Amino acid sequence: MIHETLSNSETYIMKVIWSRDEDISVMDLVDELRERYEKDYQRSTIATFLIRLASKGFVSTYKKKKYAYVHAEVSEAEYKAYIAQNETDFWFSGKASEYFAALCSSKELTKDEVERIRGMLDGMDN
């Protein structure tokens, strides 16, 4: 169960971890952060972030031969749901309709997005 949010730097790290279908080596994590997000963290800095992420329950680490690997303990979908619920509770007094209205007023939706939303809403009637 999630009890804490991620810092900006932790979010970049988790986005890289979540983008993988399998566990990621710390070396690959360092490289991907640099390539994808232009984050030039030293391995020692990544190690510190991973310790924090582990204490928050987001990751676990292990060694395989001479390399350290990171495993996501929380899925991206779980974290997105947690963030959406927290934002709804804090900014919109728990009213999902107000959260949705704010989202729609800040970004133009594509026709496909509108159809998908309609389908989800229609599915809630059952």
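## Contacts and the model

A contact here means heavy atoms within 4.5 Å. Of the contacts in the protein with a separation of 6 or more, 47% are between residues 24 or more positions apart.

The model is a predicted one, in which local features need pLDDT of at least 70 and side-chain atom pairs count only at pLDDT 80 or more, while totals for chains, interfaces and linings use all residues. Residues are numbered from 1 along each chain as its sequence is written, and side-chain values use heavy atoms, with hydrogens and water left out.

## Overall layout

Let us start with the fold. The protein has six helices and three strands; these are DSSP runs numbered from the N terminus, with helices being H or I of at least four residues and strands being E of at least two. Along the sequence, the elements come in the pattern α-β-α-α-β-β-α-α-α. The radius of gyration is 18 Å, well over the 14 Å that the globule rule gives for 126 residues, so the protein is more spread out than a compact globule. That radius is taken over C-alpha atoms, and the globule rule is 2.2 Å times the number of residues to the power 0.38. The C-alpha trace spans about 55 × 30 × 30 Å along its principal axes.

## Surface and charge

Of the 126 residues, 24% count as buried. Buried means under 20% relative accessible area, exposed means over 50%, and partly exposed lies in between (1.4 Å probe, protein chains only). The accessible surface comes to about 9100 Å², and 51% of it belongs to carbon and sulfur atoms; such areas come from the Shrake-Rupley method with a 1.4 Å probe, and for residues only the protein chains shown count as cover.

There are 18 positive and 23 negative side chains, and the centres of the two sets lie 6 Å apart. Lys and Arg count as positive and Asp and Glu as negative, leaving out His and the chain ends. Each charge is placed at NZ of Lys, CZ of Arg, CG of Asp or CD of Glu.

## Aromatic rings

A pair of aromatic rings is described by the distance of the centres and the angle of the planes. Rings of Phe, Tyr and Trp (its six-membered ring) pair if their centres lie within 6.5 Å; planes under 30 degrees apart count as stacked, over 60 as edge-to-face and the rest as tilted. By this rule there are eight aromatic pairs. One of them joins Y62 and Y69, whose ring centres are 5.6 Å apart with planes at 15°, so this pair is stacked. Y62 is partly exposed at 33% relative accessibility, and Y69 is partly exposed at 21%.

F92 and Y99 make an edge-to-face pair, with 5.4 Å from centre to centre and 75° between the planes. F92 is buried, at 17% relative accessible area, whereas Y99 is partly exposed at 29%. Ring pairs also link W18, F58, Y79 and Y82 into a cluster.

## Some residues to look for

E38 sits in the loop between α2 (26–37) and α3 (43–55) and has a positive phi of about 55°, although it is not a glycine. E38 is exposed, at 72% relative accessibility. K65, in the loop between β2 (59–64) and β3 (67–72), has a positive phi of about 60° and is not a glycine either. K65 is exposed, with a relative accessible area of 82%.

S7 lies in the segment before α1 (8–18) and is partly exposed at 32% relative accessibility. S7 and L53 are 46 residues apart in sequence, and their C-alpha atoms are 9.8 Å apart in space.
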